[in-house]
Amino acid sequence: MSLVNSWTEWETLEEVVVGRADNSCFPPIEPNFMEPTIHHNDIEDWLPWPIGRKKKEVIDGANQQLDMLVEIMEGEGIAVRRPASVDHCVETKTPSWSVQSQYGTGCPRDVMITLGDIIFEANMAKRSRFFEYLPYRNVIRDLWTRDKKMLWKAMPKASFDDDCFDIDYWTREKKVGDRRFTLTEKEPIMEAADIIRCGKDIFIQKSFVTNDAAIEWLSRELGDKFRVHKMCFPQSLQPAHIDTTFIPLRPGLCLINPDRLPDKESAKIWLDNEWKFIEAPQPVFEVPPPFCQCSKWLSMNLLSISPTKVIVEENEKPLRHLLEENGFDVIDIPFRKVYEFGGALHCTTWDIRRNDSCKDYFPHQ
């Protein structure tokens, strides 16, 4: 039996990793960091960004909701693993730079992804997240020892010196269609949450945390095992992974973000292969919780556990209604306390095994 096997975002989930909020820190100020608007009492204001360890009650609240997600998935017959619990409030340092702390292990999806029978470690896009793969090595090593067919690949670690970043990005005027981001093309840099999997085809977004060099690197590394496609969303002018923008729900059906539509070239392969796009409803909450580094569109960051069943945040009733209209069973769960740790249901999980295979969902190319 293959222990590592996941080719899509939607087939029946059998084994998964769920993140932890333990010992998380606020992300430190560094080159690829936009000091976010802090939302307080539904009022936007620019306040000094906090540093250091998050408060115990905030960590405990997030862990309670993560543990609830674990219980739900185990109740669905899904095996659940967790990353090692480590202290992230330590300095990270290389010969060319240092930052005062790391970040956390709340979002396995950012750094880890399963591509068929390959476990793949991304190299991240922030200095503070340089070593974020390490808490997952307990899981990877066990799988690699037991599954002799599994492959284990990791991106080259980037230098993350100043030349890797467009230091002046945040002071420039941004316009729709401007495809320059905070990363330069000096070295391949990528976060795994910018990848979506559809059998034989992989789609990657160029973004604030994934550059063209990384897309080219992955395409060469995977060879003819996958077809790799780049996607562009011209309206996306703030940091956002693809899993709050464009989500395949099952063969032929995608949930898309009405504020971040794909350009014509990106949409063409989907439409040519008779995929239908449905627009996500506006989120129930217009602003994310305080100190959340993500947008309001975490509302659509759902987790598919089968082609007919998904998990969504409990407040997103319009999304639940839309999914039920399209034939899905929906499980809802309170999850907004997790948002401050960088993501929602898809972000906080890394699927290791689905009842899945390498199918061709895009025969017309």
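Among contacts in the chain between residues at least 6 apart in sequence, what percentage join residues at least 24 apart? The figure is 74%, where contact means heavy atoms within 4.5 Å. This is a predicted model, in which local features need pLDDT of at least 70 and side-chain atom pairs count only at pLDDT 80 or more, while totals for chains, interfaces and linings use all residues. Residues are numbered from 1 along each chain as its sequence is written, and side-chain values use heavy atoms, with hydrogens and water left out.

The chain has six helices and 19 strands. These are DSSP runs numbered from the N terminus, with helices being H or I of at least four residues and strands being E of at least two. The radius of gyration is 19 Å, close to the 21 Å of the globule rule for 365 residues, so the chain is as compact as a globular protein of that length. This radius is taken over C-alpha atoms, and the rule is 2.2 Å times the number of residues to the power 0.38. The C-alpha trace spans about 45 × 45 × 40 Å along its principal axes. Of the 365 residues, 57% are buried. Buried means under 20% relative accessible area, exposed means over 50%, and partly exposed lies in between (1.4 Å probe, protein chains only).

Helix α3 covers residues 137-146, and Val139, Ile140 and Leu143 are buried in it. They cover an arc of only 95° around the axis, which puts them on the same side of α3. The arc is that of the directions from the helix axis to the C-beta atoms. An α-helix has 3.6 residues a turn, so residues three or four places apart point the same way. The buried residues of α3 pack against several strands, including β1 (13-18), β9 (151-154) and β19 (349-354).

After α5 comes Glu274, in the loop between α5 and β15. Most residues other than glycine have a negative phi, and most peptide bonds are trans. Phe160 is not a glycine either, and has a positive phi of about 55°. Phe160 lies in the loop between β9 and β10. Is each of these two residues buried or exposed? Phe160 is buried, with a relative accessible area of 0%, whereas Glu274 is exposed, with a relative accessible area of 71%.

Pro108 brings the reader back to contacts across the sequence. This residue lies in helix α2 (residues 108-111) and is buried, with a relative accessible area of 0%. Leaving aside neighbours within four places in sequence, Pro108 is in contact with residues including Val17, Tyr136, Cys347 and Trp350. Pro108 and Gly343 are 235 residues apart in sequence, yet 9.9 Å apart in space, C-alpha to C-alpha.
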